[in-house]
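Please read the briefing below alongside the sequence and the coordinates.

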Amino acid sequence: MKLSQFKFKLPEDLVALEPPHRVFKNDDGTEEKVYRRDECRLMVVHRKSQTVDMFEKDADGKDTENYLTFRNIIDYFDEGDTFVFNDTKVFPARLFGTKEKTDAQIEVFLLRELNEELRLWDVLVEPARKIRIGNKLFFDEEGPMVAEVIDNTTSRGRTLRFLYDCPHDEFKQELFALGSAPLPRYIVDKREATADDMENFQTIFAKHEGAVTAPASGLHFSRELMKRLEIRGVNFSFITVHCGLGCFDPIEVEDLTKHKMSSEQMVVGQEACQMVNEAKSVGHHICAIGISTLRATETAVGTDGMLKEFNGWTNKFIFPPYDFGLADSMVTNFYHPESTMVMATAAFGGYDLVMKAYDMAVTNGYKFGCYGDAMLILDD
């Protein structure tokens, strides 16, 4: 397929800058926001019947005026069905430093630690033109956190060596204390990250640190919803995919077969394989929660349709047409035009049906992006 086939007009006001929330007024006139991660809207796409549900049904099965919310996801699954979650943990990757001598403010986006002993980190810097090998950056006027640029990796990429003499755990704690939630550029260009974002931009089941962006579809699951699903008998399987920034990289070729995805580290353990394979072998539904999970399971699925243990990296790029080997349903968000996430969604749900659903989402004011509304694709 071609890049231009995934172009559509997305009004700026439909990009979610915050998660679902309610605003309460205090007695003193101030306002307080209470975030409800499972109260976003849910659109349900049925790929066999080629239908789309947006509203709750009444007793006669007719649409009401009430939009489906994410909590309604429980109505589409039964005992024995299995959700596959990504339990990666986001760390506060966005820092701001001051360049030595010029006092220029530099944004430093941590990507991954290269060497624990030497305190080497792979980072992105902005504005990159101001940062050269040998420059030093100061991150806290009252503290000792200093970094030296020791290498150029890409046009915006640098290798930093942090000059901080202490045990590694203390260093990481001090470094992360200086950072903020790594919200996507389309959010931080509109507002600054807040303390709430470090909680909101993290799934409630996050466990293994290493992601620099959240597995967004997992953000909709609250503890209450997880408990209700558990009571219903839905199984939870966890794999780890350390989400990187590759999904946000602009695609610069019209022919999608020529686009190369950045690699992400992933781990699929024996326990996850056993749970998923047992459920699938007896005909239960396997639901991939998010594009990162979908890419990982398609990396680790065998020719027999069963999930295999895997510990390595994946750069799988999914776009139509694609034959899926494992999951028969998935949860995803609504994403920006020409993004790799839209392409993977269209591959799973069918191009025509998914683009129709996207058109309905825009018309009905659904919210897009990591903090936006959700889509459930079912094989019925």
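Helix 6 is mostly covered, since nine of its ten residues are buried, where buried means under 20% relative accessible area, exposed means over 50% and partly exposed lies in between, with a 1.4 Å probe and protein chains only. Helices (H or I, at least four residues) and strands (E, at least two) are DSSP runs numbered from the N terminus. The model is a predicted one, in which local features need pLDDT of at least 70 and side-chain atom pairs count only at pLDDT 80 or more, while totals for chains, interfaces and linings use all residues. Residues are numbered from 1 along each chain as its sequence is written, and side-chain values use heavy atoms, with hydrogens and water left out.

- The buried residues of helix 6 are Ile291, Ser292, Thr293, Leu294, Arg295, Ala296, Thr297, Glu298 and Ala300.
- Thr293 has its place in helix 6, which covers residues 291-300, and with a relative accessible area of 0% Thr293 is buried.
- Once residues up to four places away in sequence are set aside, Thr293 touches Val84, Phe85, Asn86, Ile239 and Ala288, a contact being heavy atoms within 4.5 Å.

**Strand 7 and its two partners**

- Strand 7 (residues 82-86) is largely enclosed by the rest of the structure, because five of its five residues are buried.
- Thr82, Val84 and Asn86 point one way from strand 7, whereas Phe83 and Phe85 point the other way, and all are buried.
- Strand 7 runs parallel to strand 16, to which five bridges join it, and Phe83 has Phe236 of strand 16 as its bridge partner; two strands are taken to pair if DSSP finds at least two bridges between them.
- Strand 7 also runs parallel to strand 18 (residues 286-289), here with three bridges, and the partner of Thr82 in strand 18 is Ile286.

- Val234 lies in the loop between helix 4 (223-232) and strand 16 (235-241), and Val234 counts as buried at 4% relative accessibility.
- Although Val234 and Asp81 are 153 residues apart in sequence, their C-alpha atoms are 5.2 Å apart in space.
- Leaving aside neighbours within four places in sequence, the contacts of Val234 are Phe77, Asp78, Asp81, Phe83 and Leu229.

**The hairpin of strands 1 and 2**

- Strand 1 (residues 21-25) pairs with strand 2 (residues 31-35) in the antiparallel sense over five bridges, with Phe24 standing opposite Glu32 of strand 2.
- Five residues lie between the strands of this hairpin, in which Gly29 takes a positive phi near 95°.

**The chain as a whole**

- The chain has eight helices and 21 strands, and the C-alpha trace spans about 70 × 60 × 40 Å along its principal axes.
- A compact globule of 380 residues would have a radius of gyration near 21 Å, and the 22 Å of the chain agrees with this; the radius is taken over C-alpha atoms, and the globule rule is 2.2 Å times the number of residues to the power 0.38.
- Of the 380 residues of the chain, 52% count as buried.
- Among contacts with a separation of 6 or more, 69% are accounted for by residues 24 or more positions apart.
- The chain carries 44 positive and 63 negative side chains, and the centres of the two sets lie 5 Å apart; Lys and Arg count as positive and Asp and Glu as negative, with His and the chain ends not counted, and each charge is placed at NZ of Lys, CZ of Arg, CG of Asp or CD of Glu.
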